[in-house]
Amino acid sequence: MTAPPRPSGPVDAAVAGGGPAGAVAALVLAAAGRRVLLLDPGGPSPPAGQDAFKIGESLPPAARPLLRDLGLLDRFLAAGHLPSTGTYAAWGSAALHGRSHLFDPYGHGWHLDRLRFDAFLRDAAVAAGAELRRATVLAQTGDRLTVRERDTGTVTDLHSRWTVDATGRRCVIGRRYGRRHRQDRLLAAYAVFRGPRAAERTQPQDAEVRTLVEAAPHGWWYTTLLPAGRLVAHLTDADLADPALRTPQGFWRGITHTEHVRQRLAGHDPAATAVPRWTPAHGLRLSPAAGPGWVAAGDAALAFDPLSSQGILTALHTGARAGQAVRRAWPPRAGRPPRSPTTRRSWTAWRTPTGETMRTRTTRNGVGLSAPSGSAGGWARRPRPA
């Protein structure tokens with residue numbers, strides 16, 4: 001099949017990054033009839049001997065009305081992502097306390113297959129009329145974007161009246177215009193323990209679909225069930241991280257020092273531990289998060305402590321809001337120029353209180369509260385709620 005020709009001349013909006021924030025921004029703009037270019041390079045190849053997997057798997061029940069408003073809920077539910085019925089936490093003591101979604105007005109949450117979820121959102125944007133182009137955004141100058149094509153490596157320029165920066169923590173565009181406020185030094189070391197498919201699991205520990213969080217002296221561990229297996233992660237500050245966690249043996253040894261997480265891994269072979277991966281997990285806030293001809297969304301605008309489990313939901317919300325803000329830059333009357341100040345005020349008026357609310361929610365979800373006996377290091381650095 002011959003690929004459709006790319007539009008000549010400037011597009012109305014280019015969206016840099018095809019994760020949840022970028023895909024939803026492109027969906028909103030394309031559905032409004034705008035010419036949208038969704039620029040996404042595709043994910044990197046997994047390390048040798050490991051299957052493709054992307055961390056960032058929790059979608060809370062509150063995502064249900066947003067997915068409905070975007071016209072995606074029915075197709076999302078049909079995709080069969082694993083349900084999340086709540087959480088367990090050992091925080092401040094060895095006792096395990098549960099929090100169920102049973103009484104949540106939106107029902108249960110989900111443990112996502114992120115690669116499949118992200119592809120679903122990109123497909124929805126394309127179906128709405130966006131053009132997906134496999135390229136990485138390198139820089140922006142005015143209405144000109146410099147991109148590198150994935151397949152050929154060719155560096156080219158394209159023109160767009162508006163750009164949505166959804167490049168994640170790299171914040172390729174926004175970092176040139178705003179200041180990035182870093183909240184902490186968190187990073188995550190994680191590994192997926194492969195096992196039976198979800199429907200075939202028989203051990204109670206291996207079938208538990210609630211996320212489990214367990215505090216440790218310099219941070220915390222968490223584990224959750226995914227279609228790919230059981231995810232286990234350790235979060236701590238970069239300068240406090242044990243270098244042994246970079247090896248399968250050291251990572252497993254760290255798990256054995258936990259009380260509850262290790263019980264979820266009953267039946268797993270320690271020798272089969274995958275090489276752990278590491279990723280930044282610190283909180284970030286971009287200020288300002290919008291300016292003439294550009295707006296940031298997702299982690300490029302706001303990135304939260306993973307303890308809040310709000311990262312994907314925030315990406316969906318900020319992507320939708322960024323798309324709506326840019327859409328309003330073109331009023332129906334033909335020939336009227338884009339309204340950059342109006343767009344910026346609209347976006348900032350929503351994003352600023354949202355960031356403060358989310359930061360407070362993260363803190364009250366446990367950061368700095370009831371630290372375990374004898375804890376030190378990273379815990380002393382955590383903010384305390386007012």
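Predicted model: local features only at pLDDT ≥ 70, side-chain atom pairs only at ≥ 80, totals over all residues.
Reader: Which residues of helix 1 and helix 4 meet?

Author: From helix 1, the list includes Ala23, Leu27 and Ala30, and from helix 4 it includes Phe117, Leu121 and Ala125. By class, this contact has 12 nonpolar, no polar and three charged residues.

Reader: What about helix 1 and helix 9: at what angle do they pack?

Author: Helix 9 covers residues 311-327, and the angle with helix 1 is about 35°, with the axes 7 Å apart. Helix 1 passes helix 9 in a right-handed crossing. Among the residues that meet are Val24 and Val28 in helix 1, and Leu316 and Gly319 in helix 9. The residues of this contact divide into 11 nonpolar, four polar and one charged.

Reader: How do you know whether Val36 counts as buried or exposed?

Author: Set the value against the cut-off: buried means under 20% relative accessible area. Val36 has 5% relative accessibility, so Val36 counts as buried. You will find Val36 in strand 2 (residues 36-39).

Reader: What does Val36 touch, leaving out residues up to four places away in sequence?

Author: Its contacts include Ala26, Leu29 and Ala30, along with Ala13, Val15, Ala130 and Glu131.

Note on methods. Residues numbered from 1 in each chain as written. Heavy atoms only, no water. Contact = heavy atoms within 4.5 Å. Helix = DSSP H or I, 4+ residues; strand = E, 2+ residues; numbered from the N terminus. Nonpolar A, V, L, I, M, F, W, Y, C, P; charged D, E, K, R; others polar. Axes fitted to C-alpha atoms, helices over the stretch in contact; angles between N-to-C directions. Left-handed = near helix turned anticlockwise from the far one by under 90°. Buried < 20%, exposed > 50% of the residue type's maximum accessible area, 1.4 Å probe, protein only.
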